[in-house]
Amino acid sequence: MELQKFSYDNRMTRNFAIATIVWGVVGLVAGLLIALQIFIPSLNFGLEFTTFGRTRPVHTNAVIFAFVGNAIFTAIYYSLQRLLKTRIFSDLLSKIHFWGWQSIIVAAAVTLLAGVTTGKEYAELEWPIDIAITLVWVVFGINMFGTILTRRTSHIYVSIWFYIATWVTIAVLHIFNSLALPVSFLKSYTLYAGVQDALVQWWYGHNAVAFFLTTPFLGLMYYFVPKISGRPVYSYKLSIVHFWSLIFLYIWAGPHHLLYSSLPDWLQALGTTFSVMLIAPSWGGMINGLLTLRGAWDKVRRDPILKMFVVGITAYGMSTFEGPMLSFKNINAISHFTDWTIGHVHIGALGWNGMLTFGLIYWLVPRLYNTKLYSTKLANIHFWIATLAIVFYAVPLYIGGITQALMWKQFTPDGFLMYPNFLETVAQLIPMYTIRAFGGFLYVSGFLILVFNIIKTIKAGSFVAEEAAEAPAMEILPSEKSESETGHRFLERKPILFLIVATIAILVGGIVEVIPTYLIKSNIPTISSVKPYTPLELQGRDIYVKEGCYNCHSQMVRPFRSETERYGEYSKAGEAVYDHPFQFGSKRTGPDLAREGVKTGKMYKPNSWHYNHFIDPQKMNEASIMPKYPWLAKKEIDIQSTPGKIRAMKTLGVPYPDNYELKAIDDLKAQADSIAKDLATAGIQTESNREIIALIAYMQRLGVDISNKPVTK
Amino acid sequence: MHTNNENQIDSSHSDHEEVDDVTQIKYFGGHEYDGIKELDNPLPPWLKYIFYVTIVISVAYLTLLFVFHDDDIVQRNEYSNEIKAARAKTEVAGKEEEAKTAAAAPLTQEQILAAGKITFDKICLVCHGKFGEGLVGPNFTDEYWIHGGRPEDLLKIVNEGVIEKGMIAYKSQLNKTQINNVIAYILSLQGTNPPNQKAPQGVKFVKN
């Protein structure tokens with residue numbers, strides 16, 4: 001058969017690889033910064049822009065979407081062309097994809113530092129950026145499917161199954177979780193409220209882990225492990241079974257982020273069970289990766305790149321076993337809201353995503369530059385530093401997380417909390433945070449070795465922009481399934497059909513879990529005494545979101561004796577029905593705030609306490625690790641935005657009276673004046689139009705409504 | 001050998017007898033992508049069993065919840081059961097504790113103050129300052145008291161709180177001994193004259 005000559009485009013692979021390295025430095029350094037800030041709050045340097053509540057989203061977004069994201073595109077642009085024996089579909093679309101994605105990252109970093117955020121974890125970016133992400137993702141999709149449809153091979157390899165599932169699922173997750181009503185160019189309110197918002201958010205959040213951090217990396221594992229080791233894939237049958245079971249089951253598991261919350265029991269049960277059922281499908285990927293290396297272990301011993309792959313895949317196996325364990329309700333009761341979760345995700349992030357990305361870069365860059373890696377020895381040193389770093393990072397967080405959870409739950413024999421002051425439990429963590437930061441420092445150091453090694457490699461080589469290739473034209477096969485062909489083999493040569501089947505597989509779980517919370521009212525029993533926020537409280541809530549308070553404070557009292565004793569009545573679904581967005585939080589670096597405003601409760605503090613505490617938390621308690629927020633007393637509330645915000649809330653179904661937006665500013669000023677007056681009696685002189693006043697109003701409203709009247713179904 | 005162009009529709013692999021040299025496992029005929037081949041290994045049986053077991057566990061759990069409506073795994077009931085159990089346990093323990101305190105030799109004044117200081121440093125300092133010099137809450141080191149300076153005045157305030165001013169009720173967070181000790185400690189602060197004292201509030205109260 002006649003061979004056709006063509007070439008592979010290496011420019012985009014190279015560009016994405018360099019972007020991976022650049023954003024890797026940014027994301028990892030941001031991680032090290034917040035690892036230090038968490039126990040040395042003054043490391044925000046007194047600036048609002050660099051305070052933990054804003055830098056933590058910068059870290060998470062940078063490592064997930066910039067570092068790992070660009071690594072995914074590097075791998076896809078390289079492997080897709082070669083697996084399909086064709087050139088990338090469109091150079092123009094490649095360019096739009098590359099520059100579009102990098103612009104989004106820059107816009108994300110700038111807006112997050114400026115406090116522009118939706119307040120939903122890993123989906124913090126505001127609506128104009130969300131739209132840009134959607135457009136760039138579509139461009140990427142057209143480019144990928146264009147390449148698949150103009151392929152020379154008859155069938156698509158397992159890597160590409162994973163790329164297809166990634167593309168469609170991320171599109172669905174991103175679009176549905178980001179649906180919001182804009183109130184201004186950089187501010188919007190999510191369409192969902194309270195528990196529904198939490199459910200959609202964690203359906204998204206969990207599957208961002210599944211379909212951004214997992215499936216594309218399984219795809220790249222299936223290409224690069226056999227390619228680098230020269231060994232065949234261990235089991236094609238296993239590929240099929242674990243691919244379909246993984247993508248079908250994963251989408252259901254989101255509710256395990258909301259165990260013991262006010263999410264209905266049946267949804268929590270689905271979250272738990274589908275997480276447990278994920279063990280075998282996840283391990284299928286690990287086994288197929290590790291057993292592919294059978295017969296190549298001598299190579300693994302010598303080659304730091306393969307060592308990175310082995311540690312990465314093993315870390316994947318560990319974290320996909322730990323994940324289901326953390327989804328058991330009784331284990332989650334201990335791990336949730338503590339640093340255990342942070343340790344868990346970093347086994348995946350530093351081990352699986354980090355190590356595979358390093359291996360990918362070390363293998364790929366010399367090939368793109370037609371040279372050898374500058375120093376295999378340095379790569380080996382990087383491997384050992386990174387491996388050690390993971391241990392130093394994760395172990396203290398496991399110890400700290402479990403210690404703190406047990407302290408939260410400890411009672412004296414006569415029935416009082418052993419550690420009623422939250423800060424006592426925080427003090428135990430400081431040494432652990434210090435060791436963790438050292439682990440982070442090691443990991444960053446290792447990465448800088450990579451940067452040096454790669455720069456030297458690039459300088460020594462010459463870039464091959466167009467790599468010559470040849471392959472026969474695609475063989476024409478009958479469009480019907482033949483008798484001797486298995487169903488799956490048929491599917492592998494029908495990529496559009498494959499896309500449709502994969503889409504159905506990933507939609508089922510989401511539909512079953514999300515739709516009933518809208519249609520069946522008993523899922524969220526209403527509480528008649530729960531009322532919308534006053535205009536001042538609404539502004540205060542928006543400041544709470546802007547400062548990223550949810551990064552350290554939860555608003556979800558779980559139904560445990562240890563929590564109702566510490567915080568007050570446990571949270572009910574009906575309490576959050578006007579919260580666009582929900583602010584349940586996922587971590588308690590500071591105490592829960594769900595009952596902060598309840599005057600007869602255990603958490604209540606007077607206005608003057610809040611005022612002093614926001615300005616200087618260490619004045620109220622030396623051991624506090626909360627940063628100071630002096631700018632809240634200087635910056636003015638954006639009062640003019642109030643009518644627009646009230647109107648938006650009404651559009652979303654929050655029952656303010658007719659024409660209330662016309663009265664809103666007057667009501668806001670009256671409430672602000674009364675708080676300022678109360679502060680004056682405590683000797684604090686402040687203008688009533690300051691952000692701190694709105695935030696205090698919000699604090700004093702938290703958890704109050706339910707104690708006003710009895711609950712009604 | 002078996003590149004894609006040679007491969008007619010892939011089917012049974014029996015007619016492709018090519019095996020991997022290292023493992024002696026057959027390749028899937030016709031599966032070759034950019035030089036990558038795939039082996040015809042079955043799923044590891046132990047992995048299959050793990051999968052089956054997790055499915056059985058999951059179905060059993062969901063059946064308990066949805067079909068048999070097992071109330072004990074509904075979290076509302078888990079909570080009330082936990083509270084009931086704790087109440088029963090602490091009632092006994094509380095009595096034992098009281099008996100123990102009654103039987104033990106009374107604490108010396110020094111021991112009382114030391115115990116009181118522990119509670120103060122955990123809880124009170126947040127509003128009243130590290131040395132009781134006053135912060136949001138009033139100064140304990142001067143002679144002025146807003147709600148009276150007798151031990152029984154303090155007892156009432158610690159137990160019930162002064163809600164409108166932000167002093168919360170502590171009787172559900174501290175036991176009787178702790179409360180008595182901390183009051184003794186607070187009263188001992190008078191005249192210690194720490195730095196940064198808050199201006200006097202309330203009326204002068206002279207100890208008899």
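Chain B holds 5 helices and 4 strands; here helices (H or I, at least four residues) and strands (E, at least two) are DSSP runs, numbered from the N terminus. Read from the N terminus on, its elements go β-β-α-α-α-β-α-α-β. Chain B has a radius of gyration of 37 Å, well over the 17 Å that the globule rule gives for 208 residues, so it is more spread out than a compact globule. That radius is taken over C-alpha atoms, and the globule rule is 2.2 Å times the number of residues to the power 0.38. Along its principal axes, the C-alpha trace of chain B spans about 110 × 45 × 35 Å.

A quick word on the ground rules: this is a predicted model, in which local features need pLDDT of at least 70 and side-chain atom pairs count only at pLDDT 80 or more, while totals for chains, interfaces and linings use all residues. Residues are numbered from 1 along each chain as its sequence is written, and chains are lettered from A and ligands numbered from 1 in the order in which they are written.

Chain B is split into domain 1 (74–103) and domain 2 (109–204), with bounds that come from an automatic or database domain assignment. The C-alpha centres of these two domains of chain B are 29 Å apart.

Now for the meeting of the chains. In total, 60 residues of chain B are in contact with 60 residues of chain A, where contact means that the C-beta atoms of two residues, placed from the backbone, lie within 7 Å. On the chain B side, at least two residues each come from strand E1 (27–33), strand E2 (36–39), helix H1 (45–66), helix H2 (75–103) and helix H3 (109–128). This side of chain B has 33 nonpolar, 15 polar and 12 charged residues. In this scheme Ala, Val, Leu, Ile, Met, Phe, Trp, Tyr, Cys and Pro count as nonpolar, Asp, Glu, Lys and Arg as charged, and the others, Gly among them, as polar.

Chain A has 25 helices and 4 strands. For its 713 residues, a compact globule would have a radius of gyration near 27 Å, and the 26 Å of chain A agrees with that. The C-alpha trace of chain A spans about 90 × 50 × 50 Å along its principal axes.

Some helix pairs in chain A are worth a look. The axes of helix H6 (residues 194–229) and helix H13 (residues 339–368) of chain A come within 11 Å and cross at roughly 40°. Axes are lines fitted to C-alpha atoms, for helices over the stretch in contact, and angles run from 0 to 180 degrees between N-to-C directions. H6(A) is therefore oblique to H13(A); angles under 35 degrees count as roughly parallel, over 145 as roughly antiparallel, 65 to 115 as roughly perpendicular and the rest as oblique. The residues of this contact between H6(A) and H13(A) divide into 10 nonpolar, 2 polar and no charged.

H13(A) also meets H14(A): their axes come within 7 Å and cross at roughly 170°, so the two helices H13(A) and H14(A) are roughly antiparallel. Among the residues meeting here are A:Trp340 and A:Phe358 of H13(A), and A:Tyr393 and A:Leu397 of H14(A). By class, the contact of H13(A) with H14(A) has 16 nonpolar, 7 polar and 1 charged residues.
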